[in-house]
Amino acid sequence: MRLLIALALLLLSNGSMAAPKADLWPYWQASQPTSSTAIDHSRWQQLLDKYLVVSPQQTLFRYRQVNDTDRYELGHYLRDLAGQDPRRLNRNEQFAYWVNLYNAMTVKLILDNYPVSSITKLGGLFSFGPWDETLITIAGQKLTLNDIEHRILRPIWRDPRIHYVVNCASQGCPDLQPQAFTAANHDALLEQSAKRFINSRKGVAVEQDKVRLSSIYDWYASDFGNLSQLQAHLNQYRQQPVQLNHVRYDYNWALNEAR
């Protein structure tokens, strides 16, 4: 038994994981195309303005500096979101709602468990992170982070750029954007996020005759397609085109913390 536990922990420490498939939760598919309701994300924006540190290759978060007042404001923001029924919003407003909710809940998870070296340290003994933990109830439904990403965002929008905007509080993850998502800016932020990640070394790094890619492209190959399709996707955004002849994958689960 101890040997099995040791092997499991070794696999987790090496970043091995099986990514969930996109599996639509029909309850959340409804929308109101004519709705003009706009969700207020100003509390989330204020937190980003105060604690996010943007550098050329990596965006980090000042978890240690978040004070009690701002923790309360984050909780207030999440309670406000929980009080909404996103099925009554139009599609663009829904997208902003779910992405901001996912990212804000992730930050709150880290703050609630700080100090922690990696989000993968959270969850039960045999859990690789907290993604299957119930964190919030919306419209009578209990939700996990995996529900939001894999049962709502991916199957409803079917856009591989979603992987560039849901943040897992890790250095290998696409950066948390400094702007809160809104119905008006969501497509521009998707494009900006894709371009930033694909031109960063954690996204795509050319090493002599080999290319090191983020493990995101391995875990979610079903969203990006085969190597030829992935290459075309990357070169839409790359400043220097890349050839995917010899590829390896890597991911850094260390906390995206600004010291």
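Predicted model: local features only at pLDDT ≥ 70, side-chain atom pairs only at ≥ 80, totals over all residues.
View 1. Look for Ala139 in the loop that links strand S3 (136–138) to strand S4 (141–143). Its phi is near 50°, which is a positive value even though the residue isn't a glycine.

**View 2. Gln208, another loop residue with positive phi.** Here's Gln208, sitting in the loop between S5 and S6. Its phi is positive, about 55°, and again this is no glycine. Is Gln208 buried or exposed? With a relative accessible area of 81%, Gln208 is exposed, because the cut-off for that label is over 50%.

**View 3. The open sheet S5-S6-S7.** Three strands line up in the order S5-S6-S7, and their pairing is mixed. Strands S5 (204–207) and S7 (247–250) stand at the edges with a single partner strand each, so one side of each has no neighbour in the sheet. On average, neighbouring strands here are turned by 25° against each other, ignoring direction. What holds strands together in general? Strands of a sheet pair through backbone hydrogen bonds, parallel or antiparallel.

**View 4. Zooming in on S6 and S7.** Strand S6 (residues 210–214) pairs with S7 in the parallel sense, over four bridges. Which residue of S7 is the bridge partner of Leu213? That's Tyr249.

**View 5. A cis peptide bond at Pro115.** The peptide bond running from Tyr114 to Pro115 is cis, and its omega is near 0°. You'll find Pro115 in the loop between helix H4 (91–113) and strand S3.

Technical notes:
Residues numbered from 1 in each chain as written. Heavy atoms only, no water. Pairing = 2+ DSSP bridges. Helix = DSSP H or I, 4+ residues; strand = E, 2+ residues; numbered from the N terminus. Axes fitted to C-alpha atoms, helices over the stretch in contact; angles between N-to-C directions. Buried < 20%, exposed > 50% of the residue type's maximum accessible area, 1.4 Å probe, protein only.
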